[in-house]
Amino acid sequence: MLKAESTAISDLLQQVVIDAGVAPGAAAAVSIRNGGLWWTLCGSSGTLSHISRTRVELGTFFDLASITKSLFAFSFARAVDRGSSSWQDTLGERVPWAKGTWSEHTSFESFLAHRSGLAAHIDLAGPLRAGQPWRQQDALKLAADAANPARKPLEGNTHHAVYSDLGYVLVGQALSETLGRPLCELLLDELAAIGVSELASASELEARAARSVAATERLEWRGGLVQGIVHDDNAFALSGKGISAHAGCFGTVDGVIRFATSMLDEMQGRTAWLTPQSRAILFSPRPGGTERVGFDGKNPERSSLGDKLGPNTFGHYGFTGTGFWCDPDRGLALTLLTNRVCPTRDNLKIRQVRPVVHDRLVELGEALRRTLAPSALPNEGPIRAQSGSDGHPPLGEPHGFAAGSS
């Protein structure tokens, strides 16, 4: 199959993201399902940082930030389906350091659905930042005791939705300890097994001597401009060059859009990587908020997704300026990756830009669908067809179903 680089997407990113000062660099893609296959348009623009002349390309790795939550939730579901864990296991049943904490009796499902009653965020890296002694177990206990003072308990030891990194921190550590493997290995192996391979930890980027990695923020306590190391301070403290369940994964636009289309296929039953129970737990909307397990949905009242993605859209944003979204009604997925926190997280222009980019990507995807024959990708105008060259199937490669099937 083929993927296609679109100058329309690259020009969009240059004008709306780069020239507008939203981020130094960006990459984006949109995939549409047509004739039983996925067809993808992608583009990139800008530079790796505000002081770099090196251009962003389709193979550039971005710090995905909280997209890692989606990657982890799928990986955790696979572990559950193999019997390595359970959605209803409680933290205290799995790890001894949780005994006596406020979260001891909270289920993994509640944590991953952001309905555990934990606070939205606490700083676990403070001692490191201050040059003081730091112990991982102390930080984990602090996270497990960080109850949200405004929590509203519901029946079954769950709470109203409050988006929180902390539940992912706890479940990720518990799974790693239970299986006796670093979380980065668990997560990346599960995703590679379904054909999503353009993802990496900081240690893997270092081992590959990866040259094209988008920088994030300038943090003096971390030695200056952060590049090739996770931006999130808590993930840096907890996992270093590895991956935490809430942040720490790097990915290319190819890797993220492939994950997005894979999740849409799984959600709609075209693949069977998960049991029906785990599929329902991951993708079903839940009362009391838009947050699902590993994913978020479209807020019908104040959505940042734009006007064209439908009401059943699901996906996730990342703090660094990343995101992906899947529209099951349109049979369409898209991703926008930026390093909007470079050189400072105080740059919030992306909030106004995301809806504009999303709407335009949907338009480009639908235009492709209208002109696309089931057997050939148009190769004229601003579209330049390319075959895969990274040793992996090109982006149009069907995931888990035969070519030509629906």
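User: In this predicted model, does Asp233 count as buried or exposed?
Analyst: In this predicted model, Asp233 is found in helix α10, which spans residues 233-239. Leaving aside residues up to four places away in sequence, Asp233 touches Ala125, Arg129, Leu219, Trp221, Arg222 and Arg345. Residues under 20% relative accessible area are classed as buried, and Asp233, at 13% relative accessibility, therefore counts as buried.

User: What distance separates the C-alpha atoms of Asp233 and Gly248?
Analyst: Asp233 belongs to helix α10, and Gly248 is 15 residues apart from Asp233 along the chain. The separation between the C-alpha atoms of Asp233 and Gly248 is 10.0 Å.

User: What percentage of the residues of the chain count as buried?
Analyst: The chain contains 13 helices and 15 strands, and among its contacts with a separation of 6 or more, 67% are between residues 24 or more positions apart. Of the 406 residues of the chain, the part that counts as buried is 58%.

User: How are helices α1 and α13 oriented to each other?
Analyst: Two packed helices are described by the angle between their axes and the distance between the axes. For α1, residues 7-18, and α13, residues 350-371, the axes come within 11 Å and cross at roughly 165°. Angles over 145 degrees count as roughly antiparallel, and α1 and α13 are therefore roughly antiparallel to each other.

User: How many nonpolar residues does the contact of α1 with α13 have?
Analyst: On the side of α1 the contact involves Ala8, Ile9, Leu12, Val16 and Val17, which meet Val353, Val356, Val357, Arg360, Leu361 and Leu364 in α13. By class, this contact of α1 with α13 has no polar residues and one charged residue, while the number of nonpolar residues is 10.

User: Is α2 roughly parallel or roughly perpendicular to α8?
Analyst: The axes of α2 and α8 lie 9 Å apart, and the two helices pack at an angle of about 80°. Because angles from 65 to 115 degrees are the ones counted in this class, α2 and α8 are described as roughly perpendicular.

User: Which residues of α8 make the contact with α2?
Analyst: The contact of α2 with α8 divides by class into seven nonpolar, two polar and two charged residues. From α2, the residues that take part are Thr68, Leu71, Phe72, Phe74, Ser75 and Arg78. From α8, they are Leu183, Leu187, Glu190, Leu191 and Ala193.

User: Which helices and strand are included in what covers the buried residues of α8?
Analyst: The buried residues of helix α8, which spans residues 183-193, are Leu183, Cys184, Leu186, Leu187, Leu188, Glu190 and Leu191. After α8 comes Gly195, whose phi is positive, near 90°. What covers the buried residues of α8 includes α2, α7, β7, α9 and α11.

User: How many residues of strand β14 are buried?
Analyst: In a regular strand the side chains alternate between the two faces of the sheet. From β14, Leu332, Leu334, Leu336 and Thr338 point one way, whereas Ala333, Thr335 and Leu337 point the other way, and all are buried. Strand β14 is largely enclosed by the rest of the structure, so the number of its residues that are buried is seven of the seven.

User: Which residue of β14 is the bridge partner of Ile32?
Analyst: Strand β2, residues 25-34, is joined to β14 by seven bridges, and the two strands run antiparallel. The bridge partner of Ile32 in β14 is Leu332.

User: Which residue takes a positive phi in the hairpin of β13 and β14?
Analyst: Strand β13, residues 322-327, pairs with β14 in the antiparallel sense over six bridges, with Gly323 standing opposite Leu336 in β14. The hairpin of β13 and β14 has four residues between the strands, and the residue that takes a positive phi, near 65°, is Gly331.

User: Which residue of β3 does Glu5 stand opposite?
Analyst: Strand β1, residues 3-6, is covered on both faces, with Lys3 and Glu5 on one side and Ala4 and Ser6 on the other, all of them buried. Three bridges join β1 to strand β3, residues 37-46, and the two strands run parallel. Within this pair, Glu5 stands opposite Cys42.

Definitions and conventions: Residues are numbered from 1 along each chain as its sequence is written. This is a predicted model: local features need pLDDT of at least 70, side-chain atom pairs count only at pLDDT 80 or more; totals for chains, interfaces and linings use all residues. Side-chain values use heavy atoms; hydrogens and water are left out. Axes are lines fitted to C-alpha atoms, for helices over the stretch in contact, and angles run from 0 to 180 degrees between N-to-C directions. Angles under 35 degrees count as roughly parallel, over 145 as roughly antiparallel, 65 to 115 as roughly perpendicular and the rest as oblique. Contact means heavy atoms within 4.5 Å. Ala, Val, Leu, Ile, Met, Phe, Trp, Tyr, Cys and Pro count as nonpolar, Asp, Glu, Lys and Arg as charged, and the others, Gly among them, as polar. Buried means under 20% relative accessible area, exposed over 50%, partly exposed in between (1.4 Å probe, protein chains only). Two strands pair if DSSP finds at least two bridges between them.
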